[in-house]
Amino acid sequence: VRQHCPAMEKTTVLITGCSSGIGLALAVRLASDPAQRFKVYATMRDLAKGERLRERLGGCRTDALEVLQLDVTDPRSLAEAAHRLQGQRLDVLVCNAGVGLMGPLETCSEQAMRGVFDVNLFGVVRTIQAFLPAMKRRRAGRIVVSSSVGGLQGGRVLPRACPAQPGAPGKGRRSGRCSAPGVPFNAVYCASKFAVEGLCESLAV
C-alpha cells in the first residue's frame, strides 16, 4: 500500500524593495527554489518594474511568487499589503527597501535628507509595525532587515591594527581597538543606516 506523505507547508516570505538589487535577487532565489519550499510576496512601489522580476524567473514556476504594490513611505499602502496577507501565516518579513544619497553634506537639501530617512529608517519602522502584531499573536516569525556597511563604519569599535596616536610610544601601527573609517560623501545615508542598526539592536534584546 502506497502511503501519501502530507505536502510540506511552504515558508511564506514577504520582501520589500524587489524592483532591483538584493530584493529582486532574493525574491528570484526563493521563488525558484528546486524544493519549492517558499511562497514569496515580492513587493515594490512601482508595479511596472515587476516585469524585470518575472523575466529573471524565466521558465520557473510562478505560483511561488506574487508581486504586490507596497510603498514603505505610505501607511495606507502598508495597510493594504497587510490586509492582503490577512488570514495567512507570514513566516519571514524582509525589510529591504532603501535609497541612497551621495554628495557633500552642504549640497544635500533638507527634503532629500528627509526622503532618505523616510525610506531607510521610518520605512522599516512602518513595515515592522504593520506585520509584527500578527507574528506576536502567533508567537512565531522572523524579521530580517537589510542594513549596510555604511551603518557600521565610523562608529562600531572593531578589533584591528590601529594607527599609533601622536605622542604615543613606539612607531608605526599598534594593535588595539578602533573605529572603522566613515564613508566620504555618504553622511546622510550612513546616518540613516546607523539609526537602523540601533533600532534592530534594541528590538533584538
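Mentor: Let us begin with the open spaces, keeping in mind that this is a predicted model; the largest pocket has a volume of about 590 Å³.

Trainee: Okay, and which residues are closest to the centre of that largest pocket?

Mentor: The largest pocket is lined by 27 residues, and those closest to its centre are G17, A97, G98, V99 and V119.

Trainee: Which elements give two or more residues to that lining?

Mentor: Helix 1 (21-31), strand 2 (38-44), helix 4 (110-120) and helix 6 (187-203) each give two or more residues to the lining of the largest pocket. Sorted by class, that lining holds nine nonpolar, twelve polar and six charged residues.

Trainee: What volume does the second largest pocket have?

Mentor: The second largest pocket has a volume of about 250 Å³, and among its 15 lining residues, A82, L85, Q86, A134 and R137 lie nearest the centre.

Trainee: And which elements is that one built from?

Mentor: Helix 3 and helix 5 are the elements that give two or more residues to the lining of the second largest pocket, and helix 5 supplies the largest share, with seven residues. By class, the lining divides into eight nonpolar, four polar and three charged residues.

Trainee: Switching topic, then: how do helix 3 and helix 5 cross?

Mentor: In general, two packed helices are described by the angle between their axes and the distance between the axes. Here the axes of helix 3 (residues 75-84) and helix 5 (residues 122-138) come within 10 Å and cross at roughly 30°. Angles under 35 degrees count as roughly parallel, and therefore helix 3 and helix 5 are roughly parallel to each other. Their crossing is right-handed.

Trainee: Which residues make the contact?

Mentor: From helix 3 there are P75, L78, A81 and A82, while R126, T127, A130 and F131 come from helix 5. Six residues of this contact are nonpolar, one is polar and one is charged.

Trainee: What about helix 4 and helix 5, at what angle do they pack?

Mentor: Helix 4 and helix 5 pack at an angle of about 30°, and their axes are 3 Å apart, which makes helix 4 roughly parallel to helix 5.

Trainee: And where do those two meet?

Mentor: On the helix 4 side the residues are F117, D118, V119 and N120, and they meet F122, G123, V124 and R126 in helix 5. By class, the contact of helix 4 with helix 5 has four nonpolar, two polar and two charged residues.

Definitions and conventions
Residues are numbered from 1 along each chain as its sequence is written. This is a predicted model: local features need pLDDT of at least 70, side-chain atom pairs count only at pLDDT 80 or more; totals for chains, interfaces and linings use all residues. Side-chain values use heavy atoms; hydrogens and water are left out. Axes are lines fitted to C-alpha atoms, for helices over the stretch in contact, and angles run from 0 to 180 degrees between N-to-C directions. Helices (H or I, at least four residues) and strands (E, at least two) are DSSP runs, numbered from the N terminus. Angles under 35 degrees count as roughly parallel, over 145 as roughly antiparallel, 65 to 115 as roughly perpendicular and the rest as oblique. A crossing is left-handed if the near helix is turned anticlockwise from the far one by less than a right angle, and right-handed if clockwise. Contact means heavy atoms within 4.5 Å. Ala, Val, Leu, Ile, Met, Phe, Trp, Tyr, Cys and Pro count as nonpolar, Asp, Glu, Lys and Arg as charged, and the others, Gly among them, as polar. On a 1 Å grid over the protein atoms alone, a cavity is a set of points where a 1.4 Å probe fits but cannot get out, and a pocket is an open set with protein on both sides within 12 Å along at least five of seven lines; lining residues have an atom within 4 Å of a point. Grid points are joined across faces, edges and corners, and a volume is the space filled by probe spheres set on the points.
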